[in-house]
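I opened my notebook to record what I looked up in this entry, one item at a time. The sequence and structure come first, and my notes follow.

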Amino acid sequence: MRDPVLSAMAFELARQRKIVTPGILAVLGERIDTITTQTPHAISALYLAGGLGPAARPVLANLDRALARVDRNREYYFHKTILDTIAHCRRK
């Protein structure tokens, strides 16, 4: 999952199968910590976190830090995507 080329496929497989392990969450948190702007890798990480929903709560702090790094004025829709992902992870 750490390989930049294969991670999007691995993240999608984990999302589809709802596979949640401490290792996957660790890699997901690491990937979210690199988010500063919208990239395909950032989108795949957010898509996984949102798809896992409450099971991805361990990465909420990572998502909050990413939200603080992304300029809301320059990347409004991407900023909103992060907010939506946080909401999916926090829902009951």
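Where is the place of Lys18? The model I am reading is a predicted one, and in it I found Lys18 in the loop between α1 (7-17) and α2 (22-32). I looked at the backbone there and noted that Lys18, although not a glycine, has a positive phi of about 55°.

On the α1 side the contact is made by Ser7, Phe11 and Ala14, and on the α2 side by Ile24, Val27, Leu28 and Arg31. Sorting the residues of the contact of α1 with α2 by class, I recorded five nonpolar, one polar and one charged.

I then followed one of these residues further. Ala14, found in helix α1, has a relative accessible area of 3% and is therefore buried. Leaving aside residues up to four places away in sequence, I listed Ile19, Ile24, Leu48 and Leu52 as the residues that Ala14 touches. For Leu52 I also noted the separation from Ala14, which is 38 residues in sequence and 8.6 Å in space, taken C-alpha to C-alpha.

My next entry concerns α4 (residues 60-69) and α5 (residues 76-90), whose axes come within 10 Å and cross at roughly 160°. The two helices are therefore roughly antiparallel to each other, and I recorded that α4 passes α5 in a left-handed crossing. From α4 I wrote down Leu60, Leu63, Asp64, Ala66 and Leu67, which meet His79, Ile82, Leu83, Thr85, Ile86, Cys89 and Arg90 in α5. The residues of this contact of α4 with α5 divide into eight nonpolar, two polar and two charged.

I also looked up one further residue in each of these helices. Ala68, found in helix α4, is exposed, because its relative accessible area is 68%. Between Ala68 and Thr36 I noted 32 residues in sequence and 9.1 Å in space, C-alpha to C-alpha. Asp84, whose place is in helix α5, has 34% relative accessibility and so counts as partly exposed. Asp84 and Gly50 are 34 residues apart in sequence, and I recorded 7.9 Å between them in space, again C-alpha to C-alpha.

How many aromatic pairs does a search of the whole structure find? My search of the whole structure finds one aromatic pair. As to accessibility, Tyr76 counts as partly exposed because its relative value is 44%, whereas Tyr77, at 67%, counts as exposed.

How values were computed. Residues numbered from 1 in each chain as written. Predicted model: local features only at pLDDT ≥ 70, side-chain atom pairs only at ≥ 80, totals over all residues. Heavy atoms only, no water. Phe/Tyr/Trp six-rings, centres within 6.5 Å; stacked < 30°, edge-to-face > 60°. Buried < 20%, exposed > 50% of the residue type's maximum accessible area, 1.4 Å probe, protein only. Axes fitted to C-alpha atoms, helices over the stretch in contact; angles between N-to-C directions. Helix = DSSP H or I, 4+ residues; strand = E, 2+ residues; numbered from the N terminus. Parallel < 35°, antiparallel > 145°, perpendicular 65-115°, else oblique. Left-handed = near helix turned anticlockwise from the far one by under 90°. Contact = heavy atoms within 4.5 Å. Nonpolar A, V, L, I, M, F, W, Y, C, P; charged D, E, K, R; others polar.
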